[in-house]
2 protein chains.
Amino acid sequence: MARPPSRARGLRYSGTVKAVRIGLLGVGTVGAAVAKAIATRGDVLARASRATLVVQRAAVRDPAKERGLSLDRVTTDPLEVVRADDVDVVVELLGGEEPAFGLMKEAIERGKPVVTANKRVVSWHGPELHDLAARKGVELRYEAAVGGGIPLLAPLADDLAANRLLELRAIINGTTNYILTQMAGGSSFQDALARAQKLGYAEADPSDDVDAVDAADKLAILVRIAFGVSCTPKEIFREGVRALDPIDLAYGREMGYALKLLAIARRGEGGIEARVHPAFLPADHPLARVDGARNAVHLLGDLCGPVMFSGLGAGGDATASAVLADLTHVARRLALGDPVEPPRPGHTGLPVLPMDEVRARSYLRLSVDDVPGVFAQITHVLAELGIGLASVIQREPVSGQADVVLMTYAAREAALREAQRRLAALPTTRSVRARIRVEESRT
Amino acid sequence: MARPPSRARGLRYSGTVKAVRIGLLGVGTVGAAVAKAIATRGDVLARASRATLVVQRAAVRDPAKERGLSLDRVTTDPLEVVRADDVDVVVELLGGEEPAFGLMKEAIERGKPVVTANKRVVSWHGPELHDLAARKGVELRYEAAVGGGIPLLAPLADDLAANRLLELRAIINGTTNYILTQMAGGSSFQDALARAQKLGYAEADPSDDVDAVDAADKLAILVRIAFGVSCTPKEIFREGVRALDPIDLAYGREMGYALKLLAIARRGEGGIEARVHPAFLPADHPLARVDGARNAVHLLGDLCGPVMFSGLGAGGDATASAVLADLTHVARRLALGDPVEPPRPGHTGLPVLPMDEVRARSYLRLSVDDVPGVFAQITHVLAELGIGLASVIQREPVSGQADVVLMTYAAREAALREAQRRLAALPTTRSVRARIRVEESRT
């Protein structure tokens, strides 16, 4: 069947495209897995792409390192790859903000579609890149940026498009999920982190993971696609897992909850809640059972109802699976001469709601003096702020000091933060040891 | 941006398509939900479709029934809808084999894309419809035919396209999953079925569900897409849940297993295993925790690793969500003038393996006389057939009769069936009460 000439400006083909030539930026674990798949399963990829994929050029740090790529195609200069006339598509796997961001802009400016796994650049600069891509009529895809090997962004954008998404709750950082799984078994945060580092789940500087920077980046991307909101990570409330104590996981379990670092987005009044923080989930919620380094996203659509996707959120092969999915999409479009669709994220104009407006139950653990009147003071503070008390646990005091664990009813974040401040200031309170938000099952 | 003229033959538009006119066949629960969504969320659908969706004509059983559709667009003759010049896309929601199959053929012959939720027609006649659709250059989509509101077929075909799928295990019949969840709580099959019927999960004649006809239909569709195998339900081994006894669910739980009606497909030597039957799964497998009427599909790809999708497998709104996803795909293609992709299912030429070749562990429960030598006879039969014995449970006999529960190591189906026959023929065996295949966690 004759095809109309390709309309993608970066392509020098006219008529039927037979080969799509890839410029690979970065050949680390993921890049090597992508190159290997292209070399060894050309038939599978060609069937999906309607074209032959070819790694035409690759930018690497050390050209002497063996990667199964012929040396005349390898350079240390990524800009050379982006600018090369014989490169149709740029696959950016360098990670980090620069030079990745500049290289992607350069590629799009030159009319070349970009596939990337770079959550940092997409979360902070996605809107700008999408605008540029729309102007240039090229595709920008980043399935690998969130949830590794789990098909997620494309199903959200395409297959659930008829839905009004009501809620999204996700475990999208495998490192912290591994750490929390260990802490649920009694480990301290430090021990769990050390184990995660030993296994290669956590980096030497674990800040991006344990301070929820990585999860907030990914949530910004999800929120844009799922709710059509133009948000960047700076609008997302973020609290990490460093301060967590295994004793709170144990108390939570006693009350029927599991603790997860959750990325949460929810349609609220006049806007969208978007936040990442440790949260107690009912133990029978499907997300509560996602343990170890796995990722999962639980959605609630007004038509589809609850839907969950789970799988491996990281790893060379799993991430390569997502990069290759995007590549086959792009290659198919080039091969068939399909017009490029305009980008969709961020069209509703809804704001991200301030964290103070968010309503949730809270778990509080206070260390108090074992003297009469303590409870009266605590309940007085909560009552003044209109916060209902759902349950209380108090253990036998040890050497004149007692742990009091409170579970509140849903209240505004602003009120709960104020309660935390006032409870800490009570003469009988030694310290507020923990405040952990609680997510309920709604489906 | 100017668009090239549409190349879909059923379209009378040239240049930019502004409205895509739908012919709806069948306005039951799903059809009504589709029509309602089109009427009430035109903005959302238009954004996803790049076109306005319009229910141009609808075929119904009873035109007097209120459906929110204007009466001049409603007819009792579905052929009239299919043939109407002002219908661009046919949405078939009649269900059942005929007249649905003939109507879909007629639509495709006339160059009209077809969206359907009809698992029966797609499972048995999908290859023929796809061939016809390829010749006519139109799309055939059926996301709603498997897994209701769970995005499944599109992610499998598109987003996991780079993978060699190794294994697929699925709970794709909500009725039987509800029944087995009840039986895990001690209900008899008959009581559980009656409850399912009362709740509307099971029909008055429940044969399609409880005899695994429905699940085999769906598995045939999944196998074609996931493994590229040309198979119809007649090649799929099928065993239902009628004969199950809650005592076997209790024994299984004691051994660490949950019982599910599983649809299983696996890459084997020289072909693909494809079968539907009750199976014990390790209790910590993610599928073991999918209870009630929910559906879930667990995949293992050689790159992506284990991936699971779960959600509502039925219901008007959930099914409408999938129908609308297909409709937006088709409408976008028409609106943007994208060429139609050739159908992909069934390209590898791999055969479906005969059930006799399948290897699995088996659970066996025998009712035997409580006399010396029983065990020796049983183990002799298994040893003769080369079947290893993994574990045995025997309870205190009651009135001279005892239950013996055996768990074998993996063996060929043919050998296990022969073992069942020989064990039943032993003089000390009163009956072989159950044989249930066991699926292991491999990931």
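These legends walk you through a few close-up views of a predicted model. Residues are numbered from 1 along each chain as its sequence is written, and chains are lettered from A in the order in which they are written. Because the model is predicted, local features need pLDDT of at least 70 and side-chain atom pairs count only at pLDDT 80 or more, while totals for chains, interfaces and linings use all residues.

View 1. The same surface serves both, since 100% of the contact residues of chain A recur in chain B.

**View 2. Where the chains touch.** Chain A and chain B each give 46 residues to the contact (C-beta atoms, placed from the backbone, within 7 Å). Among the elements of chain A that each supply at least two residues are α2 (42-49) and α12 (316-336); helices are DSSP runs of H or I, at least four residues, and strands of E, at least two, numbered from the N terminus.

**View 3. Strand beside strand.** β12(A) is joined by 5 bridges to β12 (residues 305-312) of chain B, and the two run antiparallel (strands pair if DSSP finds at least two bridges between them). Look for F309(A), which stands opposite F309(B).

**View 4. A look at E418(A).** This residue lies in helix α14 (residues 413-425) of chain A. The C-alpha atoms of E418(A) and L222(A) are separated by 31 Å.

Definitions and conventions:
Two residues are in contact if their C-beta atoms, placed from the backbone, lie within 7 Å.
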